[in-house]
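I opened the model to go through its chain contacts, a sheet, the charged pairs and a few backbone details. These are my entries in the order I made them.

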Amino acid sequence: MMKTRLLAISLGFVAAFYSVSSAMAASWDETVANARGDTVYWNAWGGDERTNSFIAWVGSELQSRYGITVRHVKLSDTAEAVARVIAEKTAGRDEDGSVDLIWINGPNLLSMKQNDLLFGPFSGDLPNYRFVDTVNKPSNVVDFTLPVEGMAAPWRLAQIVFVYDSATVTDIPNSIPAFLEWAKANPGRFAHPNVRDFLGVTFLKQALYELVENPQVLQAPATDENFSEVTAPLWQWYDELKPLLWRGGRQFPQSGPAARQLLSDSEIDMLISFDPAEAASWVASDLAPDTIRTFTFDKGTIGNTSFVAIPYNSGNKEAAMVLADFLLEPVTQARAQNITHLGSFTVLDLDKLDENRRHLFDELPTSPALPTNEDLRLALPEPHASWMTRIADEWTRRYTN
Amino acid sequence: MDAPIHQLTVNGIDGRGIARRRQAAIAIPIVILGLFLVPIAVGLIGTIFVAFGYLPAVGGDRISLAPWRDLFAYPGIWSTLGLTIFVGFAATVLSVILAIGFCASGHGRVGYRRAEAMLAPLLASPHAAMAIGLAFVVAPSGWIARLISPWLTGWNVPPDIAIVGDPWGLTLVVALLVKEIPFILLMILAALYQVPADEHLKAARSLGYSPAMAWIKVVLPQIYPQIRLPIYAVLAFSLSVVDMTLILGPSNPTTLSVVAFRWFNAPDIAFYLPAASAAVLQFLIVIGAIAVWRIAEIGIAWIGRRWIDGGRRGSSRRSALTVPTVVVIGLFVLGGIAFIAMAIWSFASIWRYPGALPEAWTLATWIRQLPALGWPAEATFWLGLFSTLAGIVLVVTWLECEDRAGIRLTRRALWLIYVPLVVPQISFLFSIQVLLIRFGFDGTMFAVVWAHLLFVLPYIFLSLSDPWRALDPRYARSAAALGASPFSVLLKVKLPMLLRPILIACAIGFSVSVAQYLPTLFAGNGRIATLTTEAVTLAGGADRRVLGVYTLVQSLMPFLAYVLALTIPVLIFARRRALLRPT
């Protein structure tokens, strides 16, 4: 076991991981055998019906293939699961905790990792981890500048895109400065979610990326010394934009889905999304007019990876690992990327797949609301999580009366 | 035949027997109280510790004032406090005035039972469901705007005005009124059973008082003491409501309870500390507000007595009081429209602005959601059933013990049972969760039933205690004199005579259980999902079609409970109509 762990640590960072040692294969078989009959309580944000049905499908597959029962604990905020693990640690329950797997990234992952609330490293132990793109999709191994170090397994990609209604919008901005010009021409027709929502603060981070002199500074933690200087151009830009937002920038939708509701109610014409395929799947499920389209900025947009992590006190770690591995299977990833099911881009490197498996991805249905690969060419790395927290605080300080 | 004689001997002669019996009878309510107060006190104390910086799990191991400094350094904290207090008082003052005005002018126009039946749907719909429906109805792109656009308004796109989430929280206040007025009306109706209102009104009117004036001067002073605690519960609720504020209230600045809620949910664990301070402050605000209300009561009573002594009869026209009636009916219609709107959404496939109705209809949403509804619906039902059964058994036991001991807890002691309704949930639930985990009860149905019971029992007590105590004791005495044992007096006289209020108390208890969000989440460890937890989670996903299904199913269960509570006595007492209105 110890040996496996060490191996996993060393392998977690190795980008090209083609061969699986026989020792590992044997121990993986053992893991799968031990997991049979277990129940995994997968804590995942439950606000999106498509994700919920995808998780339900994963559950039925795991039941039939591995005899593992999956229970989706639907969270309205990922922090609920973090809080639950903390409550258990407070009460001294270090074994058989109630959370087995969490859909997580960003500040939540940082918080759990720093407080030693995670089990691992384990992702290197997963047989399908060898297909993961760790070179061209760097967010699979570094989350918000935090090296993941095998403590969480990637499962879906996210990248900022903007969604607009082509029936009403003809000219689309291609950069953050151009965005301001667009807003001047179309006052009240764009809304970003509340800055307390991750998507709302991500919009500000995206703006900062283009406005800051040297984006490299964002890869280190924000300090008291550099924060106000680095963010000065952001606030200058935002001061001009804010009155041009929906409701004059005095009100904000609570979340991404709430902004989507505004778009389909014709209250706004444009919104920000963190899921490039989301717009296409909205059209597929009648949640938005079929005239919506997607675009990104010329200099690229922020991208990140969603992970699953296992709390230190989970009582079903092996079953949770089997689930994490199943999520990385090419067949699962292809289904996840299918806009009729979930529509989230794969974390795998398609070049690592054999032809049959790659074929699964070539055959996926397409939609005019999907962005092109060209659009998504430039995925910018997430700034350090401290920028996110500080920007949200500073925004609250500046714009709360 | 021996039993009654034996009974009399015991009661009449053996003094020590009576004393022992009394002690037992007093002990039971104390045990029931303990069941509630101890965990809440422990929870609250735990939160106070955290509010002063003590939370070893995240490295806080010494007492400090830092969390309080963080709280008061929060941008806009004063606006937040102002808004919290404004919303709480506006909603409570208006609901009380409107409910009283409505009763004063409407008394005798609608039968009690019909009135109760009309209140049932509004009482049954969970707060979050009502808020979601109202948000759609009143928004600038909402149903009302869609019905009159663009042909009347010229709005080809919705106007950019803030109705939902307005900075003053006025929409939130309106939504609170829609939910709180029916509750106060129900409590007034329950209280009216206890006073000979009709006789007094007749007497007052024969003295020349106008009907409304007679109600306010003669009936109101008699029933107010009975609706006082429910009003405090409304005040506490309006000051600390979270789910409705998230949906309808202003977001920046928002109310204190939402600030606390956000901090408890913040990814950075360090926010637990100021979150606990905010929760404690919330508690203090509620206590302070109730104190202010009590003082205002005394002042108004003082002035009111002089006003009543003045003897003005009031004009015979009802004009002054038609305003509250119109407003109340308007609010109820609004609530009804909200409900209908969500029902339509659940069958809509596409419904865009400015269409007055969906462009296309479908059953697909129901077909897709129904399988997923099964298990939360089942959990909701059993949780509601068990917590209501436990609640009604405990309350009846309590009241029966009072009868037998011949004592009554003083009004002050009664306060204790309302503690769960007055203490903001957020201020003690986290610590209770830790307690449950420590004893290994978390995530079990038992734990969730117990957590629900904390809120179900006070409401059952609230609605049953007055009818119970108002039951003429001579019935029980006559039965005892005829040889019935105390137990058969309970079974054959009291319970049947009180069947109606008991069933209504159960229906209220059941709907309280169905609506519980935070307690289910904390005690159930997220592993026990109910219709309410699922609906609030989905509210984040904002697919109104799915929300329509959930709000409908979520309201249906308590609604059926009310229907049963109102029809069972009618069926059973078809030949004993007087029992339908005990005096």
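The entries below start with the interface and end with the backbone.

**Entry 1: the interface**

I noted at the outset that this is a predicted model. I then asked how many residues of chain A are in contact with chain B. I found 61 residues of chain A in contact with 55 residues of chain B. The two chains bury about 4800 Å² between them, and carbon and sulfur atoms account for 48% of that area.

I went on to the polar side of the interface. Between chain A and chain B I counted twelve residue pairs in polar contact, both residues being at pLDDT 80 or more. Next I looked up which elements of chain A supply at least two residues each to the side that touches chain B. The strands are S1 (39-45) and S2 (69-75). The helices are H3 (49-66), H4 (79-90), H5 (106-114), H9 (256-264) and H14 (385-399). H4(A) gives the most, with eight residues. Sorted by class, this side of chain A has 22 nonpolar, 23 polar and 16 charged residues.

**Entry 2: salt bridges**

I counted four salt bridges between chain A and chain B. I looked up one between Arg146(B) and Asp265(A), where the closest N and O atoms are 2.9 Å apart. Over all chains, the structure holds 24 salt bridges.

I also took a pair inside chain A. Glu149(A) and Lys113(A) form a salt bridge through their side chains, at 2.7 Å from N to O. I asked what this pair ties together.

**Entry 3: a sheet in chain A**

I traced an open sheet of three strands in chain A, with the order S8-S7-S9 and antiparallel pairing. Strands S8 (270-273) and S9 (292-295) of chain A are the edges; each has a single partner strand, so one side of each has no neighbour in the sheet. On average, neighbouring strands here are turned by 30° against each other, direction ignored.

I then checked the pairing of S7 (residues 161-165) with S9 in chain A, and found four bridges joining these antiparallel strands. Within that pairing, Val163(A) has Thr294(A) of S9(A) as its bridge partner.

**Entry 4: Asp38(A)**

I located Asp38(A) in the loop between helix H2 (22-35) and S1 of chain A. Which residues does Asp38(A) contact, leaving aside its neighbours within four places in sequence? I listed Gly67(A), Ile68(A), Thr69(A), Asn316(A) and Ala319(A).

**Entry 5: backbone**

I looked up two cis peptide bonds. One joins Gly120(A) and Pro121(A), with omega at about 5°. Pro121(A) is in the loop between H5 and strand S4 (142-143) of chain A. Another joins Ser149(B) and Pro150(B), with omega at about -10°. I placed Pro150(B) in the loop between helix H7 (143-147) and helix H8 (170-192) of chain B.

Last, I checked a phi angle. Asp96(A) has phi near 55°, a positive value in a residue other than glycine. Asp96(A) lies in the loop between H4 and strand S3 (101-104) of chain A.

Definitions and conventions
Residues numbered from 1 in each chain as written. Chains lettered and ligands numbered in written order. Predicted model: local features only at pLDDT ≥ 70, side-chain atom pairs only at ≥ 80, totals over all residues. Heavy atoms only, no water. Pairing = 2+ DSSP bridges. Axes fitted to C-alpha atoms, helices over the stretch in contact; angles between N-to-C directions. Contact = heavy atoms within 4.5 Å. Buried area = accessible area lost by both parts, 1.4 Å probe. Polar contact = N/O pair within 3.5 Å; in protein donor to acceptor, adjacent residues only side chain to side chain. Nonpolar A, V, L, I, M, F, W, Y, C, P; charged D, E, K, R; others polar.
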